[in-house]
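Me: Please show me the structure, and then let us go through its parts by question and answer.

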Amino acid sequence: MNKLLSNKWLKVPVFLACLVPLGILAWGYWHDDLTANPLEYITHSTGDWTIRFLILTLAVTPFRKILNMPAFIRYRRMLGLFAFFYGCLHFTTYLWFDKEFDFHEMLRDVSKRKFIMAGFAAFLLMVPLAVTSTRGWIRRMGGRNWQLLHRAIYFSAIAGVIHYAWLVKSDETKPIQYAALVGVLLLYRLGAWFEGRQRPAPAGMRSAEPTTAETA
């Protein structure tokens with residue numbers, strides 16, 4: 001399996017698979033099949049996929065360690081950037097189609113509706129992660145500083161779940177599911193950190209482990 005995951009050409013179908021949600025939206029828009037409220041449908045769909053890709057990004061490290069498949073790391077940057085991509089679509093839908101670039105109205109909305117404030121915070125936290133997702137930024141910042149910055153992905157995921165939970169008024173199934181997944185991944189990370197504190201690495205062997213960028 002590691003050999004398959006290490007194949008450079010496998011990134012192509014993975015990339016295309018990550019575009020499927022966008023393709024479904026485009027197909028529905030082209031055929032006028034986005035429910036009776038297209039704006040709400042697009043907003044919810046792009047928001048869902050933002051959180052899903054954040055969760056997938058966070059799940060890469062546990063999966064590769066538990067399944068002993070280090071080649072999984074090669075796909076983490078792509079997944080993280082797709083989380084940002086769908087987050088941009090989600091924010092653009094709100095800014096363009098909902099508020100029609102009325103920034104005054106948008107700022108008033110953010111200050112009055114707490115779920116929008118949480119969503120805006122989640123999006124802003126993803127911006128520096130996307131900008132610094134390259135190996136060049138790892139070298140410029142230094143592995144330790146880069147790693148500390150990219151831990152913000154957990155706060156972004158938490159803010160995204162809070163945004164969703166405060167948004168829904170009836171069926172809270174999805175927010176609960178997302179919260180459970182993020183909670184499990186956060187507990188895993190905390191457990192790994194605690195274990196690492198109890199078992200210091202040999203001198204010169206500690207290295208930063210990127211969150212959204214690949215290392216292989």
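Reply: Helices (H or I, at least four residues) are DSSP runs, as are strands (E, at least two), and they are numbered from the N terminus. The model is predicted, so local features need pLDDT of at least 70 and side-chain atom pairs pLDDT 80 or more, while totals for chains, interfaces and linings use all residues. Residues are numbered from 1 along each chain, and side-chain values use heavy atoms, without hydrogens or water.

Me: What is the volume of the second largest pocket?
Reply: A pocket is an open set of points on a 1 Å grid where a 1.4 Å probe fits, with protein on both sides within 12 Å along at least five of seven lines; lining residues have an atom within 4 Å of a point. A volume is the space filled by probe spheres set on the points. For the second largest pocket this gives about 830 Å³.

Me: Which residues lie closest to the centre of the second largest pocket?
Reply: The lining has 38 residues, divided into 17 nonpolar, 13 polar and eight charged. Here Ala, Val, Leu, Ile, Met, Phe, Trp, Tyr, Cys and Pro count as nonpolar, Asp, Glu, Lys and Arg as charged, and the others as polar. The closest to the centre are Thr43, His90, Phe115, His163 and Leu167.

Me: Which helix gives the most to the lining of the second largest pocket?
Reply: Two or more lining residues come from each of helix 4 (38–66), helix 5 (76–98), helix 6 (103–112), helix 7 (114–131), helix 10 (152–167) and helix 11 (173–198). With nine residues, the most comes from helix 4.

Me: Are helix 10 and helix 11 roughly parallel or roughly antiparallel?
Reply: Their axes, lines fitted to C-alpha atoms over the stretch in contact, come within 9 Å and cross at roughly 160 degrees. Angles run from 0 to 180 degrees between N-to-C directions; under 35 counts as roughly parallel, over 145 as roughly antiparallel, 65 to 115 as roughly perpendicular and the rest as oblique. Helix 10 and helix 11 are therefore roughly antiparallel.

Me: How do the residues of the contact of helix 10 with helix 11 divide by class?
Reply: Contact means heavy atoms within 4.5 Å. Among those involved are Tyr154, Val161 and Tyr164 of helix 10 and Tyr178, Leu185 and Arg189 of helix 11. The division is 12 nonpolar, no polar and two charged.

Me: At what angle do helix 6 and helix 7 pack?
Reply: Asp109, Val110, Ser111 and Lys112 of helix 6 meet Lys114, Ile116 and Met117 of helix 7. The axes are 5 Å apart, and the two helices are roughly perpendicular. The angle is about 105 degrees.
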